[in-house]
Amino acid sequence: MMKPAMILLPTLLAACIISSATAQGDGDGIELYVIGFDIAQGSTQEAELKLMAQQMGGVYLSAENAKTPEDLTNALSQSYKGVPPKAAGSQAGGPQPGGTSVRAPATYEAEPNNEIGDATLLSMGQPVSGRIFPVGDGDFYQVLLTSPGILRARITGIPAEMKTRIDLYGKNFDWITRKDAENPGEEVVLMRDIGKPGRYYFGVGDLAGGSYSSNYTFAAELEPVIDFEPDGEIGDAQEISANVPVEGYIFPADDGDFYRIHLNSPGVLEASLTGVPKDIAASMKGRIDLYGKNCNWITRKDAENQGDDVTLKYDVPGPGMYYFGIWDLNRGSYNKSYTFQAVFRPVVDKEPNGEIGDAVEVQLNEAMKGYIFPADDGDFYKVYIARPGQLEASLLDVPKSIRASMKGRIDLYGKNGNWITRKDAENQGDDVILKFDVPGPGWYYFGIWDLNRGSYEVEYTFKVRI
């Protein structure tokens, strides 16, 4: 049999630790108290003793916070006499028929805790035994969350007449939400998506306005959601690499995630949102927004149905930083990740040559490769003709595809940038040949266009001869 003991703490001489055990000797019936003598309420010493009691799985008692005068008397009686107390109406401590005793809960509320500033500190998942006594009493608890997640607060073992309410508060004691029992004696579970780590507070009350001799049990649990946060504002965008998938969460409700990528050249950018959370009750309906280097909105792509993948395609006109915003049009919250990836295919053209003043010089009979990219792009070339003769300009190997093909045009300009003539393809995908009798030497300019106003990753070939 473990003998009851009173241990004086050298560093806290105004306190003692009292424990007692049942005759079984296996420790199952242990009750442990940390008792404060002449400890000022609200003092640092009191806070340290409360925390010590919680960490040891015991109860902090003082003359001020004991539920009843008998609580303190019984605790001291255990220390000095080794006799388990016979507290009338108590669920824990008294000997039961057959010589066994009911095991005390791991932790009790630390009184006073009927004001939010005196909230009892709990570990996540740690049950605490509390009591609404006297009439008008309420109990406050606090937890420290180290990550975002789904917070669940549960009250069980409720007195039959008690109609329970749980209130949730933020770190600044700001009220967030509540959950009420529908009927007396019912268990209550409050759930809330927590987007930011920190300290949160719970208030437990009785809507029936009663006073009870039996305890309830309260516990709070967190289901972590580990996201790369903060990335909910464009200025906090997470930098990613091309062609490398990343995972993220839309959590909590109305969350959005931003990503950024630096591109070194023009090219085709394809941003995909796949593996979005799907559920019978609610599924994510994704949206991708694209922004330029100055955070200027460019375009977006929405899922057609909830649960669908989304792919946004954009012709990048030049190098720079680009930003993506990921959203849920259903404004939900999910503890399942999505996958985001930005695929980039460079299109390296001889740019800038989209204006006649930037025309690229070519030599006679030289095969020049170029792109019509991005959409509505045009390319200018210039060639020096040393003698009169028939000039022949050819646009060959134009991009062809089932979805869209280039329908080419060649414009011819004189040495002063004056327009002379043009030749258009009869059909998309056709080659184009322009012929012109050059009257004398000088510079001549050519403009290459797509009448379909498309954008192509495939090169065309341009050649001039005389």
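Visitor: Hello! Is Glu-223 buried, partly exposed or exposed?
Guide: Welcome! Keep in mind that this is a predicted model. The relative accessible area of Glu-223 is 30%. Buried would need under 20% and exposed over 50%, so Glu-223 counts as partly exposed.

Visitor: Which residue does the side chain of Glu-223 meet in a salt bridge?
Guide: Side chains of opposite charge can pair when their charged atoms come close. Here the N to O distance is 3.1 Å, and a salt bridge asks for a distance within 4 Å. The partner of Glu-223 is Arg-152.

Visitor: How many residues apart are Arg-152 and Glu-223?
Guide: Their salt bridge has an N to O distance of 3.1 Å. Arg-152 sits in strand β8 and Glu-223 in strand β13, so the pair links distant parts of the chain, and the separation is 71 residues.

Visitor: Which strand holds the Arg-260 that pairs with Glu-239?
Guide: The side chains of Glu-239 and Arg-260 form a salt bridge at 3.4 Å, N to O. Glu-239 belongs to strand β14, while Arg-260, 21 residues away, belongs to strand β16.

Visitor: How far apart in sequence are the parts that Glu-457 and Arg-345 tie together?
Guide: These two side chains meet in a salt bridge of 2.8 Å, N to O. Because Glu-457 lies in the loop between β30 and β31 and Arg-345 in strand β22, the pair ties together parts separated by 112 residues.

Visitor: Which residue joins Arg-345 and Glu-457 in one network?
Guide: The network is built from salt bridges that share partners. Along with Arg-345 and Glu-457, it includes Glu-270.

Notes
Residues numbered from 1 in each chain as written. Predicted model: local features only at pLDDT ≥ 70, side-chain atom pairs only at ≥ 80, totals over all residues. Heavy atoms only, no water. Helix = DSSP H or I, 4+ residues; strand = E, 2+ residues; numbered from the N terminus. Buried < 20%, exposed > 50% of the residue type's maximum accessible area, 1.4 Å probe, protein only.
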